[in-house]
Amino acid sequence: KLLERLSQLFNTSELKPDNSIFETLLKFAEELIEQKKYSLQSFLFLVEKLMSFTVFAYGNNLKFIERVLALALSLCNLFSKSTENNSNEKNSLSDSKNLDSMINILCNPLEKLSVKIFRLPSFAPLLELLPLSYQKPVSVNTLKSLIKQRTILVNEPVLLVLIRHIYPLFATIDTTAEEAALLGKVIHLIDSPSPKLTLKLLSSFHRHLDHSSPLHLKYIIPIYIRRLLLLIRQTTSLYTFISNSNNTEESLKHRFSVIFEKASYLDQEEIDNFEFDPQTDLDIDISNLINEVFFTAREIEIVQPKFAASIFMDILPILANYSKQINEEELVYNCIIKSIQIFEEELGNSHDRAFFFNSLLGNIGVVLDKNILGEENLNTVLIQLKASISVLLSREDQSRANMSLSKLYHKLNLNPDKEHEIIIRSIYLAKLASKYEKRGLRSLIDIFYHII
């Protein structure tokens with residue numbers, strides 16, 4: 001009651017709590033515990049209220065919060081040794097009320113401290129006293145705190161400690177969709193001024209995922225794939241930025257300051273000691289990275305076919321941009337064929353099939369401009385595209401898709417007779433469609449514009 005009244009007093013007035021108040025309250029709690037006149041349940045409830053007051057009044061004081069955590073830890077150890085044969089449930093660590101109090105003691109400081117709490121020596125031992133199922137609420141609150149504060153995870157020690165503390169969420173048994181989605185959001189927080197280090201951090205996180213879990217395949221791995229694609233673009237952007245910048249060192253400091261601002265748990269000394277070496281930190285094997293994206297997308301193809309197809313399409317322009325550095329004809333061919341296959345199997349009856357297929361044709365056009373595909377693979381791709389258009393698209397959509405396909409023939413100087421045949425077919429379909437749909441008339445206009 002005293003702690004609650006003090007919180008109300010400081011909340012409704014301009015008074016600021018003095019450090020001596022905390023010292024007095026802590027000493028009083030320690031003396032009560034030494035006397036052992038009450039049950040573990042009563043003592044844990046007292047420590048829980050003391051932690052609430054400490055967070056409210058001294059929220060950023062890590063030493064005070066650590067002392068309350070240490071008090072809770074010593075209390076639990078004291079009763080676990082002296083009550084091994086005690087039948088009183090109130091003195092047992094397995095009592096549900098005691099476990100709830102321990103959860104509240106651990107969770108209360110999380111909102112203000114986020115990952116800073118991992119530096120407190122009593123946090124991990126106290127967490128480990130909880131059964132695995134009771135650790136999960138602490139894991140959830142840890143992630144919610146990270147996401148709310150948008151705390152960026154910039155180095156491996158912090159990430160590994162986080163993974164250790166939220167490990168119950170990686171277990172797929174009794175994990176909910178909401179918990180899996182929270183875990184997926186952590187991937188957005190993994191970043192570093194060094195692309196090479198970012199890739200290492202993402203790989204560390206990815207190793208703990210279960211690729212046989214439908215929840216991980218649906219909520220987490222797709223975000224991981226998107227993050228890898230973003231990393232490729234970030235690396236390219238950073239390389240261009242360094243190449244075009246006059247004052248590279250100062251420009252990089254300003255660019256990296258945005259990341260460090262969101263990593264508030266870092267000391268200024270750690271930030272000052274960070275060194276960036278373009279030759280080392282930009283040394284990423286893009287070819288291997290794109291292959292990883294492709295094969296990881298293959299894993300989620302059954303669970304999320306439409307997403308997988310979009311990834312296969314997104315890889316194509318990236319491969320086109322890197323065609324000078326890498327020779328990946330097989331990967332390009334596989335991405336195109338898989339996209340067409342998924343389109344035929346999963347998306348042929350969807351409302352946005354025409355949009356998807358024309359996007360696919362556009363991305364294929366970007367790749368074909370670079371002459372990555374050999375003649376045999378190119379012919380196979382064009383034959384499959386033509387077959388898919390005639391089978392799966394409605395008349396008005398066929399006319400536009402055929403038109404896009406004819407542009408590919410024209411662009412590549414392939415078989416003029418074949419292009420002529422496709423144009424004639426497009427005109428026929430567009431004329432039929434224009435009687436019923438404005439889109440058909442628009443396709444007809446596009447076709448004649450192309451011929452002219």
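Me: The buried residues of α10 pack against α8 (132–149), α9 (156–165), α11 (195–206), α12 (214–219) and α13 (221–244). Which residues of helix α10 (residues 177–186) are the buried ones?

Reply: Keep in mind that this is a predicted model. An α-helix has 3.6 residues a turn, so residues three or four places apart point the same way. In α10, the buried residues are E179, A180, L182, L183, G184 and V186.

Me: How many helices and strands does the secondary structure of the protein have?

Reply: There are 24 helices and zero strands. Of the 452 residues, 49% count as buried.

Me: Of the contacts between residues at least 6 apart in sequence, what share joins residues at least 24 apart?

Reply: The share is 73%.

Me: How is a pair of aromatic rings described?

Reply: By the distance of the centres and the angle of the planes. The structure holds 12 aromatic pairs. In one of them, F294 and F312 have ring centres 5.2 Å apart and planes at 50 degrees, so the pair is tilted.

Me: Which parts does the pair of F294 and F312 tie together?

Reply: F294 belongs to helix α17 (residues 286–299) and F312 to helix α18 (residues 305–321), so the pair ties together parts 18 residues apart in sequence.

Me: Are F294 and F312 buried or exposed?

Reply: Both F294 and F312 are buried.

Me: Which residues form an aromatic cluster?

Reply: F22, F53, Y58 and F64 form one.

Notes:
Residues numbered from 1 in each chain as written. Predicted model: local features only at pLDDT ≥ 70, side-chain atom pairs only at ≥ 80, totals over all residues. Heavy atoms only, no water. Helix = DSSP H or I, 4+ residues; strand = E, 2+ residues; numbered from the N terminus. Buried < 20%, exposed > 50% of the residue type's maximum accessible area, 1.4 Å probe, protein only. Contact = heavy atoms within 4.5 Å. Phe/Tyr/Trp six-rings, centres within 6.5 Å; stacked < 30°, edge-to-face > 60°.
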